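Below is a protein model to be read piece by piece.

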Amino acid sequence: GGGFGPNTIAFLLGLVDKHKEAEALILRKHHRRKSTKYWTTIGDHRMRFGKYAEAEVAYKRAAKKAGRWIPHELSRKIAWTVFNQGDAERSIELFEGVGRRESKRRKWSAYWVARALQEAGRLEEAKAKYPSVEVSEYGRCREHRPTVPLNAPSDFDHYDAGEYWGENDY
């Protein structure tokens with residue numbers, strides 16, 4: 001074994017702004033077939049380096065290659081690229097679509113729709129539409145969590161918000 005794999009080398013090439021070479025390496029890894037998996041990998045590479053518009057193009061090509069049944073993960077990635085481009089209005093519909101198609105992602109979808117509404121300046125609509133998500137005009141919104149744990153110790157008083165809410169919760 002030993003050595004670096006193609007994904008690691010592509011990442012290192014990206015760090016020194018050699019994205020064409022990185023994408024050529026990814027293509028070789030996929031046996032020169034521009035399949036759904038190839039375009040998804042290209043989108044991931046572009047997303048990692050902040051090229052959100054180009055990542056959206058790659059993910060849409062992957063979706064086109066997938067045919068009628070687009071993988072759920074791909075739908076989420078397309079919504080993310082649109083949101084990260086700063087186009088909150090367009091991302092609202094995409095995040096809602098994720099929630100409609102994936103029952104296990106409904107809370108996730110509600111949070112990100114509320115966040116996109118907040119970014120689009122539609123704060124009151126976000127508060128009305130998603131009451132379980134705490135929306136603030138001062139900062140990020142967050143999902144409502146109970147203030148008392150299920151198995152509270154006898155001396156339990158309350159959670160410290162800073163202790164319980166990390167930046168990478170979502």
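Asp-44 has a relative accessibility of 26% and counts as partly exposed; buried here means under 20% relative accessible area, exposed means over 50%, and partly exposed lies in between (1.4 Å probe, protein chains only). The model is a predicted one, in which local features need pLDDT of at least 70 and side-chain atom pairs count only at pLDDT 80 or more, while totals for chains, interfaces and linings use all residues. Residues are numbered from 1 along each chain as its sequence is written, and side-chain values use heavy atoms, with hydrogens and water left out.

The side chain of Asp-44 forms a salt bridge with that of Lys-77, at 2.8 Å from N to O. A salt bridge is a side-chain nitrogen of Lys or Arg within 4 Å of a carboxyl oxygen of Asp or Glu. Lys-77 belongs to helix α5 (residues 72-84) and Asp-44 to helix α3, so the pair ties together parts that are 33 residues apart in sequence. Lys-77 counts as buried, at 16% relative accessibility. Side chains of opposite charge can pair when their charged atoms come close.

Helices and strands are DSSP runs, numbered from the N terminus: helices are H or I with at least four residues, strands are E with at least two. The protein has 9 helices and 2 strands, and from the N terminus on the order is α-α-α-α-α-α-α-α-β-β-α. Of its 170 residues, 36% count as buried.

How many salt bridges does the structure hold? There are 11. One of them joins the side chains of Glu-56 and Arg-90, at 2.9 Å from N to O. This pair links distant parts of the chain, with Glu-56 in helix α4 (residues 52-66) and Arg-90 in helix α6 (residues 88-101), 34 residues apart. Glu-56 is buried at 7% relative accessibility, whereas Arg-90 is partly exposed at 34%. Both residues belong to a network of salt bridges that links Glu-56, Lys-60, Asp-87 and Arg-90.

Glu-119 and Arg-115 meet through their side chains at 4.0 Å, N to O, and both lie in helix α7 (residues 106-119), 4 residues apart, about one turn of the helix. Glu-119 is partly exposed, with a relative accessible area of 49%, while Arg-115 is buried, at 14%.

Helix α3 also holds His-45, which is buried with a relative accessible area of 3%. Contact means heavy atoms within 4.5 Å. Leaving aside residues up to four places away in sequence, His-45 touches Ala-10, Gly-14, His-19, Ala-22, Glu-23 and Ile-26. Glu-23 lies in helix α2 (residues 19-29) and is buried too, at 17% relative accessible area. His-45 and Glu-23 are 22 residues apart in sequence, and their C-alpha atoms are 8.2 Å apart in space. With residues up to four places away again not counted, Glu-23 touches Tyr-38, Ile-42, His-45 and Arg-46. Across the protein, residues 24 or more positions apart account for 37% of the contacts with a separation of 6 or more.

The last stop is the surface. The accessible surface of the protein comes to about 11100 Å², of which 50% belongs to carbon and sulfur atoms; accessible areas come from the Shrake-Rupley method with a 1.4 Å probe, and for residues only the protein chains shown count as cover.
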